[in-house]
Amino acid sequence: MNQRPPPGIVAMPREVLHLLLDLPGEADMETLRAAGDAGGVALLEAFARWSSDGHADDLADLPVEDFRRRAAEFFQWCGWGDTSLSTRSDSVIEVGIGGCWETARKHSDQTGCHLTTGLLHGFFAALAGYELGVMELECAGLGSGGPCRFVIGTPEMVDSIYAGLNSGESYDEIVAGS
Ligand SMILES: [Zn+2]
């Protein structure tokens, strides 16, 4: 496994930095997500390069368990925080980030980790080759007391999780019933 410190271009893809330069001081959620999303393909390419430094096999050929472990290591290596990846009910990927970098943004408006949400969307949609939905379930920056937790699934799945949470169901109930 590659243990070099992350070059900045990997930690934050060039496409994201270009968009961030133009941001006003109080960037809204949609702008931050779009900036993150724009870096998703570059992030996936960086992951493929990083991954093949130590292992010659293609990403597509990786067993799911290996992919999960390696992607979590990669995000951690990028400086995102203590990252874990898991799957549930075949249709949902969960990402947990302890000490999420984005909660440390000095001028953040503390409405959640929108750049990270966008980056995860761009990364996983590019990997899957079809549209996905991403939602931050719990945010340490909003006082959740745990890691920031993100869920990734089909847009319909994420919509139904969002609707379920709004009507008072628990996340576990919604995902178990899907
Ligand atoms: Zn967060």
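Predicted model: local features only at pLDDT ≥ 70, side-chain atom pairs only at ≥ 80, totals over all residues.
## Alanine 71 and its contacts

Once residues up to four places away in sequence are set aside, alanine 71 touches Phe47 and Leu85. Alanine 71 and phenylalanine 47 lie 24 residues apart in sequence, yet their C-alpha atoms are 7.5 Å apart in space.

The other residue touched by alanine 71, Leu85, has valine 95 in β2 as its bridge partner. Phe47, for its part, is listed among the residues with the most contacts inside the largest nonpolar core.

## Helix α5

Which residues of α5 are buried? They are Ala71, Phe74, Phe75 and Trp77, and because they cover an arc of only 155° around the axis, they are placed on the same side of α5. The length of the helix can be checked as well: at 1.5 Å a residue, the 14 residues of α5 should span 20 Å, and the end C-alpha atoms are 20 Å apart, which agrees. After α5 comes glycine 79, with a positive phi near 95°.

A similar check can be made on α7. The 12 residues of α7 should span 16 Å at 1.5 Å a residue, and its end C-alpha atoms are 16 Å apart, in agreement with that expectation. Glycine 168, which follows α7, has a positive phi near 100°.

The strands of a sheet pair through backbone hydrogen bonds, in either a parallel or an antiparallel manner. Here, 4 strands form an open sheet in the order β1-β2-β4-β3, and the pairing is antiparallel. The edges are taken by β1 (82–88) and β3, each of which has a single partner strand, so one side of each is left without a neighbour in the sheet. On average, and with direction ignored, neighbouring strands of this sheet are turned by 20° against each other.

The pairings can be followed across the sheet from β1. Antiparallel strands β1 and β2 are joined by 7 bridges; they form a hairpin with 3 residues between them, and serine 89 in the turn has a positive phi of about 50°. Strand β2 (residues 92–98) in turn pairs with β4 in the antiparallel sense over 5 bridges, with isoleucine 93 standing opposite isoleucine 152 in β4. On to β3 (residues 133–138), which runs antiparallel to β4 and is joined to it by 5 bridges; glycine 133 has glycine 153 in β4 as its bridge partner.

## Strand β4 and cysteine 148

Why can β4 be described as largely enclosed by the rest of the structure? The reason is that 6 of the 6 residues of this strand (residues 148–153) are buried. Cys148, Phe150 and Ile152 point one way from β4, while Arg149, Val151 and Gly153 point the other way, and all are buried.

## The nonpolar core

The largest nonpolar core holds 37 residues, and those with the most contacts inside it are Leu43, Phe47, Phe74, Leu120, Cys148, Phe150 and Ile152. The elements that give two or more residues to this core are the helices α3 (29–38), α4 (40–54), α5 (64–77), α6 (114–128) and α7 (155–166), together with the strands β2, β3 and β4. The largest share, 6 residues, comes from α4.

## The chain as a whole

The secondary structure of the chain comes to 8 helices and 4 strands, which follow the pattern α-α-α-α-α-β-β-α-β-β-α-α when read along the sequence. Of its 178 residues, 36% count as buried. Among contacts in the chain with a separation of 6 or more, 55% are between residues 24 or more positions apart.

Key
Residues numbered from 1 in each chain as written. Buried ≥ 20, exposed ≤ 12 C-beta atoms within 10 Å, placed from the backbone. Pairing = 2+ DSSP bridges. Core = buried A, V, L, I, M, F, W, Y, C linked by C-beta atoms within 7 Å. Expected span 1.5 Å × (residues − 1). Arc of directions from axis to C-beta. Contact = placed C-beta atoms within 7 Å. Axes fitted to C-alpha atoms, helices over the stretch in contact; angles between N-to-C directions.
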